[in-house]
Amino acid sequence: MPGLIDPDRLCVILVSTRNPLNIGAAARAMCNFGFHRLRLVHPYDLAFREARSAVGASAVLTDAEQFATVADAVADCTLVVGTTAIGHRQLQHPLQVLKDGAASILQQLTAPPDHPSRVAILFGSEKVGLSNDDLSHCHWLMHIPTSDQQRSMNLGQAVAVCLYEIVRESGLPSPSVEIPRASAEEVERVTTALLETLHTSQYIDAHSPDSREQVVRRMLRRMQLSTEDASIWLGILRQILWKLRAGN
């Protein structure tokens, strides 16, 4: 299994991007997957740092670096990967589909510290993609397989898909939120309230077998209530019970 990804080793480079909202969307995608090094080559609109589409990613835009040329932007990178929709372009580079390309990039991002490397992924302008001159700085190209009817993707979506595949390829577990489970005492309080409600409503009467109550007790435990859910259910049942007794 690959080692931990070093996010500092990956640079997302946007070349001649025309729409600042796309830059913001790309920055947001980077934050979604834990990356922060954004570089821009000749962005069309210098007001991109205010892009409202960069929800929760303002730091990525603030720290984004600007370069006059692709050569300057990739100067410190040991692997430069261009992205392409292919179309009618005659490719002069080795080409990998996204899954294989992500695996190759991952090898560089998880390499041991004594083998430092930095990877650049280049994304071209929304209208024409990367130029032949831009591509001349790349070691190989990566392609997201899309429908022939619509080959090109929105820039922010393309960045998100590529970064997702790299993280997914790492096999690392997704972060999860641990929900506190209700204790046996909390579940028993809910059980008592439910049984009282069932007796009061005569769903269970004095002549019902004890097994009925046992079924209810087992059912509640199979639900694996959280602490919060147990508290809510206890409030609901007490309110129902109060209404039932008030009506008698």
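This is a predicted model: local features need pLDDT of at least 70, side-chain atom pairs count only at pLDDT 80 or more; totals for chains, interfaces and linings use all residues.
## Helix 6

Helices (H or I, at least four residues) and strands (E, at least two) are DSSP runs, numbered from the N terminus.

Residues are numbered from 1 along each chain as its sequence is written, and side-chain values use heavy atoms, with hydrogens and water left out.

Buried residues (under 20% relative accessible area, 1.4 Å probe, protein chains only) of helix 6 include Leu155, Val159, Cys162 and Ile166. The buried residues of helix 6 pack against strand 1 (10-15), helix 1 (20-32), helix 4 (98-109), strand 6 (119-123) and strand 7 (140-143).

## Nonpolar cores

A nonpolar core is a set of buried Ala, Val, Leu, Ile, Met, Phe, Trp, Tyr and Cys residues joined through side-chain atoms within 4.5 Å. The largest one has 34 residues, of which Leu14, Leu38, Ile105, Phe123, Val159 and Ile166 touch the most other members. Helix 6 (residues 155-169) supplies the largest share of this core, six residues. Apart from it lies another core, of 15 residues, including Ala73 and Cys77.

## Cysteines

With a disulfide taken as a pair of cysteine sulfur atoms within 2.5 Å, the count is zero. Cys77 has its nearest cysteine sulfur, that of Cys11, 4.5 Å away. Cys77 is buried at 12% relative accessibility, and Cys138 is buried at 7%.

How values were computed. Buried means under 20% relative accessible area, exposed over 50%, partly exposed in between (1.4 Å probe, protein chains only). Contact means heavy atoms within 4.5 Å.
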